[in-house]
Amino acid sequence: MSATLPAPGARARLPDSPYAWLRLGITLLIMTVGSSGMYVISVVLPAVQADFGVARADASLPYTLLMIGFGIGGVLMGRLADRHGVAWPLFAGAFSIGLGFIAASFAQSIAAFGLLQAVFIGLGSGAVFAPLVADTSLWFVRRRGIAVAVCASGNYLAGAVWPPIVQHFVDSAGWRPTYVGLGLFCALTMAGLALCLRERPPALDEPAPAVSQPGMAAPIDATLRPFGFSLGMAQGLLCVAGIACCVAMAMPQVHIVAYCVDLGFGAARGAQMLSLMLACGIVSRLVSGWICDRIGGLRTLLLGSVLQGLALMLFLPFDGLVPLFVVSALFGLFQGGIVPAYAIIVREFFPPRQASGRVGLVISFTLLGMALGGWLSGKVFDLTGSYHAAFLNGIAWNALNLCIAGTLLWRARRLGTLAPIR
């Protein structure tokens with residue numbers, strides 16, 4: 001009898017175990033702290049533009065560089081996590097983010113500021129999002145959708161928590177001292193929490209299950225073709241979809257503070273609007289995770305894409321303070337579940353043993369989409385003098401995402417590879 005039962009330590013490491021949920025809570029805290037750089041740059045954008053005396057597109061470029069570094073860091077740190085566990089990338093990320101914030105506070109040009117954002121804050125932040133989402137997906141089976149959503153919500157929780165805090169210190173002390181304080185806090189907090197995540201996921205030590213879990217798609221052998229495509233083609237389509245949805249997503253998230261300044265509402269109102277948007281994104285991610293466990297990742301992606309496009313259209317006719325708060329809240333509620341859906345799609349349609357690398361790659365392309373969207377929106381504004389044109393650009397990119405998601409859903413349904421609705 002004893003030979004058939006796992007040891008006490010093994011039971012603690014089982015998927016969906018109490019330890020897995022405790023680990024998820026720690027992961028949420030690290031995600032909240034480590035994702036700060038993604039939103040801090042949006043808040044300080046007006047101050048940085050004034051300090052360096054540059055155009056809006058030039059002031060948006062550091063965000064673009066940060067997100068490129070974020071995406072590259074996600075791939076590199078994901079591979080490091082596959083070999084040595086997620087804790088070591090987190091230690092490296094803590095040091096890199098801390099150094100990046102402090103060094104950027106001494107930058108004397110927009111070029112130096114942008115380079116430091118990319119190399120240190122961007123690459124360091126890459127140790128947080130994609131590796132932690134992939135790691136979380138390996139600790140859960142029955143509740144994988146909601147667990148990944150909780151983990152990814154840390155990214156939006158950072159967006160809800162950090163903008164008003166940073167805006168307060170920027171107003172009272174300036175952006176440079178604020179960056180120094182952020183660097184010290186992030187480095188110490190992330191390194192301390194990373195010590196709790198040294199345990200390796202059980203899925204990396206055990207053979208893949210021979211049968212599927214109830215209500216989930218059956219395991220797919222590496223020789224099969226997701227959506228009827230080759231593995232590379234299917235991966236490429238998901239990466240393009242990730243870029244498209246996040247170019248659209250970046251328009252309000254990166255430029256809402258500057259948009260409010262241009263409308264005469266002030267940076268503080270813009271920071272509050274961004275905070276509300278991302279707080280609603282937390283709710284959206286949790287609800288989408290619950291939905292994903294019932295209808296699968298592809299249907300969740302398509303639903304999120306439709307709703308995000310609708311929210312972007314609502315920015316066009318409204319530019320009053322109260323309507324913008326309402327539309328910002330709706331935007332957060334509508335689009336929060338899109339990025340986590342990609343991780344679930346990879347786990348449902350690709351070989352399980354390739355999941356970590358493929359999740360990291362797709363999520364990194366969503367970050368590249370955010371990078372492109374942040375810069376492109378600023379460039380459209382400089383060319384047209386209007387954020388309405390930038391919103392229309394975002395709507396067009398969202399339509400591309402919608403087409404890809406719809407095509408993949410149609411092909412999966414035709415091939416009979418969709419997970420059943422529960």
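1. The largest nonpolar core has 121 residues, and Y179 and F227 touch the most other members of it. Helix α10, residues 231–263, gives the most to this core: 18 residues. Bear in mind that this is a predicted model.

2. Take F227 next. Set aside its neighbours within four places in sequence. F227 is then in contact with A234, L298, I345, F349, F350, L408, R411, A412 and L415.

3. Now the pair α8 and α9. Helix α8 covers residues 144–173 and helix α9 covers residues 175–194. They pack at an angle of about 135°, and their axes lie 7 Å apart.

4. Which residues of α8 and α9 meet? From α8 come W162, V166, F169, V170 and A173. From α9 come W175, P177, T178, L182 and F185. By class, this contact of α8 with α9 holds nine nonpolar residues, one polar and no charged.

5. A second pair to inspect is α4 and α7. Helix α4 spans residues 56–84, and helix α7 spans residues 129–137. The packing angle is about 45°, with the axes 7 Å apart. That angle makes α4 oblique to α7.

6. On the α4 side, the contact is made by F70, G74, M77 and G78. On the α7 side, F129, A130 and P131 take part. The contact of α4 with α7 divides into five nonpolar residues, two polar and no charged.

Notes
Residues are numbered from 1 along each chain as its sequence is written. This is a predicted model: local features need pLDDT of at least 70, side-chain atom pairs count only at pLDDT 80 or more; totals for chains, interfaces and linings use all residues. Side-chain values use heavy atoms; hydrogens and water are left out. Axes are lines fitted to C-alpha atoms, for helices over the stretch in contact, and angles run from 0 to 180 degrees between N-to-C directions. Helices (H or I, at least four residues) and strands (E, at least two) are DSSP runs, numbered from the N terminus. Contact means heavy atoms within 4.5 Å. Ala, Val, Leu, Ile, Met, Phe, Trp, Tyr, Cys and Pro count as nonpolar, Asp, Glu, Lys and Arg as charged, and the others, Gly among them, as polar. A nonpolar core is a set of buried Ala, Val, Leu, Ile, Met, Phe, Trp, Tyr and Cys residues joined through side-chain atoms within 4.5 Å. Buried means under 20% relative accessible area, exposed over 50%, partly exposed in between (1.4 Å probe, protein chains only). Angles under 35 degrees count as roughly parallel, over 145 as roughly antiparallel, 65 to 115 as roughly perpendicular and the rest as oblique.
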